[in-house]
Amino acid sequence: MSNQSRHEAETVERLLDSTLESVDHAEEICTGLAQRAGFEEDDLIKIGMAVRESMVNAVVHGNRYNANKKVHFSVSKNAQGLTVRIADEGEGFEVDSLPDPLAEENLFRSSGRGIFLIRSFMDEFQIRRLEPGGMEVTLVKHMVSK
Amino acid sequence: MSVKLNTRQVGDVSVVDVAGRITLGEGSSALRDALRDMVAKNHKKILLNLSDVSYIDSSGIGELVSGFTSVTNSGGQLKLLGLTKRVKDLLQITKLYTVFDVHEEESSAIRSF
(Lines give C-alpha, C1' and ligand atoms only; values in the text may rest on other atoms or scores of the structure.)
Protein backbone atom coordinates (compact mmCIF):
# COMPACT_ATOMS: atom_id res chain seq x y z
CA MET A 1 0.00 0.00 0.00
CA SER A 2 1.35 3.44 -0.92
CA ASN A 3 2.13 5.99 1.77
CA GLN A 4 -0.37 8.32 0.12
CA SER A 5 -3.30 5.94 0.55
CA ARG A 6 -2.17 5.15 4.09
CA HIS A 7 -2.25 8.82 5.01
CA GLU A 8 -5.49 9.56 3.20
CA ALA A 9 -8.19 10.59 5.66
CA GLU A 10 -11.13 8.20 5.83
CA THR A 11 -14.13 8.05 8.13
CA VAL A 12 -16.77 5.36 8.60
CA GLU A 13 -19.93 6.06 10.61
CA ARG A 14 -22.65 3.59 11.54
CA LEU A 15 -25.79 3.51 13.64
CA LEU A 16 -25.72 -0.01 15.08
CA ASP A 17 -28.28 -2.23 16.76
CA SER A 18 -27.69 -3.28 20.35
CA THR A 19 -26.60 -6.81 19.46
CA LEU A 20 -23.46 -8.92 19.68
CA GLU A 21 -23.40 -8.99 15.86
CA SER A 22 -22.81 -5.23 16.02
CA VAL A 23 -19.81 -5.86 18.25
CA ASP A 24 -18.26 -8.12 15.59
CA HIS A 25 -19.19 -5.66 12.85
CA ALA A 26 -17.58 -2.67 14.58
CA GLU A 27 -14.43 -4.67 15.29
CA GLU A 28 -14.18 -5.69 11.63
CA ILE A 29 -14.66 -2.13 10.38
CA CYS A 30 -12.00 -0.78 12.75
CA THR A 31 -9.38 -3.40 12.07
CA GLY A 32 -9.98 -2.99 8.32
CA LEU A 33 -9.46 0.76 8.52
CA ALA A 34 -6.49 0.36 10.86
CA GLN A 35 -4.92 -2.05 8.40
CA ARG A 36 -5.39 0.46 5.58
CA ALA A 37 -3.81 3.09 7.82
CA GLY A 38 -0.70 0.92 8.06
CA PHE A 39 -0.94 -0.43 11.61
CA GLU A 40 0.89 -3.71 12.13
CA GLU A 41 -0.49 -7.02 13.36
CA ASP A 42 0.15 -6.47 17.05
CA ASP A 43 -1.57 -3.07 17.02
CA LEU A 44 -4.46 -4.43 14.93
CA ILE A 45 -5.16 -6.99 17.65
CA LYS A 46 -5.02 -4.33 20.37
CA ILE A 47 -7.28 -1.95 18.44
CA GLY A 48 -9.74 -4.74 17.68
CA MET A 49 -9.86 -5.81 21.28
CA ALA A 50 -10.30 -2.25 22.61
CA VAL A 51 -13.14 -1.66 20.15
CA ARG A 52 -14.73 -4.98 21.06
CA GLU A 53 -14.62 -4.18 24.79
CA SER A 54 -16.07 -0.70 24.16
CA MET A 55 -18.84 -2.07 21.99
CA VAL A 56 -19.70 -4.74 24.57
CA ASN A 57 -19.94 -2.02 27.21
CA ALA A 58 -22.30 -0.03 24.97
CA VAL A 59 -24.48 -2.97 23.91
CA VAL A 60 -24.57 -4.97 27.13
CA HIS A 61 -24.09 -2.52 30.00
CA GLY A 62 -25.26 0.70 28.34
CA ASN A 63 -28.18 -0.23 26.10
CA ARG A 64 -28.78 -3.59 27.80
CA TYR A 65 -29.59 -5.22 24.45
CA ASN A 66 -32.61 -2.89 24.13
CA ALA A 67 -33.81 -3.11 20.51
CA ASN A 68 -35.02 0.49 20.70
CA LYS A 69 -31.60 1.84 21.60
CA LYS A 70 -28.74 2.29 19.17
CA VAL A 71 -24.97 2.43 19.32
CA HIS A 72 -23.44 5.43 17.55
CA PHE A 73 -20.16 4.32 16.07
CA SER A 74 -17.52 6.16 14.07
CA VAL A 75 -13.91 5.52 13.19
CA SER A 76 -11.52 7.84 11.38
CA LYS A 77 -7.99 7.44 10.14
CA ASN A 78 -5.46 10.02 9.06
CA ALA A 79 -1.68 10.34 8.97
CA GLN A 80 -1.56 10.66 12.76
CA GLY A 81 -3.49 7.51 13.54
CA LEU A 82 -6.93 6.15 14.31
CA THR A 83 -9.78 7.64 16.34
CA VAL A 84 -12.84 5.61 17.36
CA ARG A 85 -15.98 7.00 18.99
CA ILE A 86 -18.68 4.77 20.46
CA ALA A 87 -21.77 6.13 22.19
CA ASP A 88 -24.70 4.31 23.76
CA GLU A 89 -28.15 5.49 24.81
CA GLY A 90 -28.10 3.94 28.27
CA GLU A 91 -28.29 5.41 31.74
CA GLY A 92 -24.56 6.03 32.06
CA PHE A 93 -22.27 5.35 34.99
CA GLU A 94 -19.51 6.95 37.05
CA VAL A 95 -16.12 5.81 35.78
CA ASP A 96 -14.55 6.54 39.17
CA SER A 97 -16.94 4.06 40.77
CA LEU A 98 -15.49 1.14 38.81
CA PRO A 99 -13.46 -1.22 40.99
CA ASP A 100 -9.75 -1.64 40.23
CA PRO A 101 -9.50 -5.06 38.53
CA LEU A 102 -5.87 -5.40 39.62
CA ALA A 103 -6.63 -5.01 43.32
CA GLU A 104 -6.06 -8.23 45.24
CA GLU A 105 -9.70 -8.42 46.35
CA ASN A 106 -10.96 -8.07 42.75
CA LEU A 107 -8.65 -10.51 40.97
CA PHE A 108 -11.21 -13.32 41.09
CA ARG A 109 -14.13 -11.26 39.85
CA SER A 110 -15.59 -12.61 36.63
CA SER A 111 -16.10 -9.14 35.12
CA GLY A 112 -14.84 -5.55 35.34
CA ARG A 113 -11.70 -5.75 33.21
CA GLY A 114 -13.02 -4.17 29.99
CA ILE A 115 -12.11 -0.53 30.55
CA PHE A 116 -8.77 -1.52 32.05
CA LEU A 117 -7.94 -3.44 28.86
CA ILE A 118 -9.07 -0.56 26.63
CA ARG A 119 -6.78 1.84 28.51
CA SER A 120 -3.93 -0.66 28.24
CA PHE A 121 -4.27 -1.14 24.49
CA MET A 122 -4.94 2.40 23.26
CA ASP A 123 -2.81 5.57 23.49
CA GLU A 124 -5.69 7.78 24.55
CA PHE A 125 -9.01 6.98 26.20
CA GLN A 126 -11.72 9.47 27.10
CA ILE A 127 -15.18 8.84 28.44
CA ARG A 128 -18.00 11.30 29.02
CA ARG A 129 -21.66 11.37 29.86
CA LEU A 130 -24.05 12.48 27.14
CA GLU A 131 -27.23 14.49 27.51
CA PRO A 132 -29.99 13.39 27.87
CA GLY A 133 -28.42 9.97 28.50
CA GLY A 134 -25.67 7.57 27.54
CA MET A 135 -21.91 7.40 27.56
CA GLU A 136 -19.44 8.16 24.81
CA VAL A 137 -15.94 6.76 24.66
CA THR A 138 -13.17 8.04 22.42
CA LEU A 139 -10.23 5.79 21.68
CA VAL A 140 -7.08 6.97 19.90
CA LYS A 141 -4.17 4.94 18.58
CA HIS A 142 -1.21 6.95 17.28
CA MET A 143 0.62 5.95 14.15
CA VAL A 144 4.31 5.62 14.92
CA SER A 145 6.37 6.97 12.02
CA LYS A 146 8.53 4.39 10.33
CA MET B 1 -15.24 -19.54 13.85
CA SER B 2 -16.28 -18.99 17.44
CA VAL B 3 -15.00 -21.76 19.69
CA LYS B 4 -14.69 -25.54 19.57
CA LEU B 5 -14.28 -27.70 22.63
CA ASN B 6 -13.19 -31.31 22.74
CA THR B 7 -12.82 -33.21 25.98
CA ARG B 8 -10.62 -36.28 26.34
CA GLN B 9 -9.42 -38.32 29.26
CA VAL B 10 -5.74 -38.88 29.96
CA GLY B 11 -5.56 -41.14 33.00
CA ASP B 12 -7.59 -39.35 35.66
CA VAL B 13 -7.09 -35.93 34.06
CA SER B 14 -9.80 -34.42 31.88
CA VAL B 15 -8.16 -32.49 29.07
CA VAL B 16 -10.30 -29.88 27.32
CA ASP B 17 -8.89 -28.85 23.95
CA VAL B 18 -10.20 -25.37 23.19
CA ALA B 19 -9.88 -23.86 19.71
CA GLY B 20 -10.99 -20.52 18.29
CA ARG B 21 -12.16 -17.35 19.99
CA ILE B 22 -13.37 -17.14 23.58
CA THR B 23 -15.46 -13.99 23.48
CA LEU B 24 -18.76 -12.81 24.93
CA GLY B 25 -21.62 -14.89 23.58
CA GLU B 26 -21.22 -18.34 22.11
CA GLY B 27 -17.53 -18.70 22.92
CA SER B 28 -17.62 -17.84 26.60
CA SER B 29 -20.90 -19.67 27.25
CA ALA B 30 -19.58 -22.87 25.62
CA LEU B 31 -16.58 -22.82 27.95
CA ARG B 32 -18.79 -22.05 30.96
CA ASP B 33 -21.16 -24.92 30.12
CA ALA B 34 -18.30 -27.37 29.62
CA LEU B 35 -16.68 -26.52 32.96
CA ARG B 36 -20.01 -26.58 34.83
CA ASP B 37 -20.74 -29.97 33.34
CA MET B 38 -17.38 -31.33 34.45
CA VAL B 39 -17.78 -29.97 37.98
CA ALA B 40 -21.28 -31.49 38.12
CA LYS B 41 -19.82 -34.85 37.04
CA ASN B 42 -17.25 -34.57 39.81
CA HIS B 43 -14.19 -34.22 37.57
CA LYS B 44 -11.40 -33.12 39.91
CA LYS B 45 -8.45 -32.72 37.57
CA ILE B 46 -9.08 -30.46 34.61
CA LEU B 47 -6.50 -29.26 32.11
CA LEU B 48 -7.57 -26.54 29.68
CA ASN B 49 -5.49 -26.74 26.53
CA LEU B 50 -5.57 -23.21 25.06
CA SER B 51 -2.87 -23.68 22.42
CA ASP B 52 -5.37 -23.19 19.58
CA VAL B 53 -7.13 -20.20 21.14
CA SER B 54 -6.53 -17.31 18.80
CA TYR B 55 -8.32 -14.62 20.76
CA ILE B 56 -9.82 -14.06 24.17
CA ASP B 57 -11.66 -10.99 25.47
CA SER B 58 -12.47 -9.81 29.00
CA SER B 59 -15.54 -12.04 29.05
CA GLY B 60 -13.36 -15.04 28.18
CA ILE B 61 -10.91 -14.08 30.91
CA GLY B 62 -13.90 -13.88 33.26
CA GLU B 63 -14.91 -17.42 32.31
CA LEU B 64 -11.42 -18.71 33.02
CA VAL B 65 -11.50 -17.07 36.45
CA SER B 66 -15.03 -18.32 37.20
CA GLY B 67 -14.10 -21.81 36.06
CA PHE B 68 -10.99 -21.78 38.22
CA THR B 69 -12.99 -20.65 41.26
CA SER B 70 -15.77 -23.14 40.65
CA VAL B 71 -13.42 -26.12 40.19
CA THR B 72 -11.29 -25.10 43.20
CA ASN B 73 -14.37 -24.66 45.41
CA SER B 74 -15.52 -28.15 44.48
CA GLY B 75 -12.20 -29.56 45.67
CA GLY B 76 -10.65 -29.92 42.22
CA GLN B 77 -7.82 -28.36 40.26
CA LEU B 78 -7.94 -26.47 36.99
CA LYS B 79 -4.69 -25.86 35.14
CA LEU B 80 -3.82 -24.23 31.83
CA LEU B 81 -1.77 -25.60 28.96
CA GLY B 82 -0.16 -24.02 25.91
CA LEU B 83 -0.92 -20.33 26.18
CA THR B 84 -0.29 -18.36 23.02
CA LYS B 85 1.72 -15.17 23.45
CA ARG B 86 -1.46 -13.07 23.21
CA VAL B 87 -3.29 -15.00 25.91
CA LYS B 88 -0.20 -15.05 28.11
CA ASP B 89 0.22 -11.26 27.71
CA LEU B 90 -3.44 -10.75 28.64
CA LEU B 91 -3.15 -12.86 31.77
CA GLN B 92 0.01 -11.00 32.71
CA ILE B 93 -1.42 -7.48 32.37
CA THR B 94 -4.51 -8.52 34.32
CA LYS B 95 -2.26 -10.03 37.02
CA LEU B 96 -3.86 -13.44 36.57
CA TYR B 97 -0.87 -15.28 35.16
CA THR B 98 0.42 -16.25 38.58
CA VAL B 99 -3.06 -17.23 39.78
CA PHE B 100 -3.19 -20.12 37.31
CA ASP B 101 -0.85 -23.09 37.17
CA VAL B 102 0.35 -22.76 33.57
CA HIS B 103 2.20 -25.47 31.62
CA GLU B 104 3.82 -25.62 28.20
CA GLU B 105 3.99 -29.40 27.76
CA GLU B 106 0.99 -31.66 28.12
CA SER B 107 2.96 -34.53 29.65
CA SER B 108 4.39 -32.39 32.44
CA ALA B 109 0.98 -30.77 32.98
CA ILE B 110 -0.61 -34.21 33.41
CA ARG B 111 2.11 -35.27 35.83
CA SER B 112 1.69 -32.10 37.89
CA PHE B 113 -1.78 -33.05 39.18
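In the predicted model, 41% of the 113 residues of chain B count as buried. The C-alpha atoms of this chain fill a box of roughly 30 × 25 × 25 Å along the principal axes. A compact globule with 113 residues would have a radius of gyration near 13 Å, and chain B, at 13 Å, therefore agrees with that expectation. Contacts in chain B also reach across the sequence: of those between residues at least 6 apart, 72% join residues at least 24 apart.

Chain B contains four helices and five strands. Followed along the sequence, these elements give the pattern β-β-α-β-α-β-α-β-α. The strands of chain B form an open sheet of five, in the order β1-β2-β3-β4-β5, and the pairing is mixed. At the edges of this sheet stand β1 (3-10) and β5 of chain B, each of which pairs on one side only.

Within the sheet of chain B, strand β2 (residues 13-22) runs parallel to β3(B), to which eight bridges join it. One position in this pairing is given by Val16(B), whose bridge partner in β3(B) is Leu48(B). Helix α2 of chain B packs on the sheet and touches β2, β3 and β4 of the chain. The direction of α2(B) makes about 145° with that of β4(B).

Strand β4 of chain B, residues 77-81, is mostly covered, with four of its five residues buried. On one pairing, β4(B) is joined by five bridges to strand β3 (residues 45-56) of chain B, and the two run parallel. Here Ile46(B) has Leu78(B) of β4(B) as its bridge partner. Between β3(B) and β4(B) the chain passes through helix α2 (residues 58-73) of chain B, in a β-α-β crossover that is right-handed. Strand β4(B) also pairs with strand β5 (residues 102-103) of chain B, again in the parallel sense, over two bridges. In that pairing, Leu81(B) stands opposite His103(B) of β5(B). A right-handed β-α-β unit is likewise made by β4(B), helix α3 (residues 85-93) of chain B and β5(B).

Chain A likewise holds an open sheet of five strands, here in the order β1-β2-β3-β5-β4 and with antiparallel pairing. Its edge strands are β1 (10-17) and β4 (124-129) of chain A, each pairing on one side only. From one strand to the next, the twist of this sheet averages 10°. Strand β1(A) is joined by eight bridges to strand β2 (residues 70-78) of chain A, and these two strands run antiparallel. Leu16(A) is placed opposite Val71(A), a residue of β2(A). Helix α2 of chain A, residues 20-37, lies across β1, β2 and β3 (81-87) of the chain. The helix runs at about 10° to β2(A).

Leu130(A) illustrates the setting of a loop residue in chain A: its place is between β4 and β5 (135-142) of that chain. This residue has 14 C-beta neighbours inside 10 Å and therefore counts as partly exposed, since a buried residue would require 20 or more and an exposed one 12 or fewer. When neighbours within four places in sequence are left aside, Leu130(A) is in contact with Ala87(A), Met135(A) and Glu136(A). From Thr31(A), by contrast, Leu130(A) is 99 residues apart in sequence and 26 Å apart in space, C-alpha to C-alpha.

The two chains meet through 16 residues of chain A, which are in contact with 15 residues of chain B. On the side of chain A that touches chain B, α3 (41-62) and α4 (114-121) of chain A each supply at least two residues. The largest share of that side comes from α3(A), with five residues. Sorted by class, the side of chain A that touches chain B consists of nine nonpolar, four polar and three charged residues.

How values were computed. Residues are numbered from 1 along each chain as its sequence is written. Chains are lettered from A and ligands numbered from 1 in the order in which they are written. This is a predicted model: local features need pLDDT of at least 70, side-chain atom pairs count only at pLDDT 80 or more; totals for chains, interfaces and linings use all residues. Two residues are in contact if their C-beta atoms, placed from the backbone, lie within 7 Å. Ala, Val, Leu, Ile, Met, Phe, Trp, Tyr, Cys and Pro count as nonpolar, Asp, Glu, Lys and Arg as charged, and the others, Gly among them, as polar. Two strands pair if DSSP finds at least two bridges between them. Axes are lines fitted to C-alpha atoms, for helices over the stretch in contact, and angles run from 0 to 180 degrees between N-to-C directions. A crossover is right-handed if, with the strands pointing away from the viewer, the path from the first strand over the helix to the second runs clockwise. The radius of gyration is taken over C-alpha atoms; the globule rule is 2.2 Å times the number of residues to the power 0.38.
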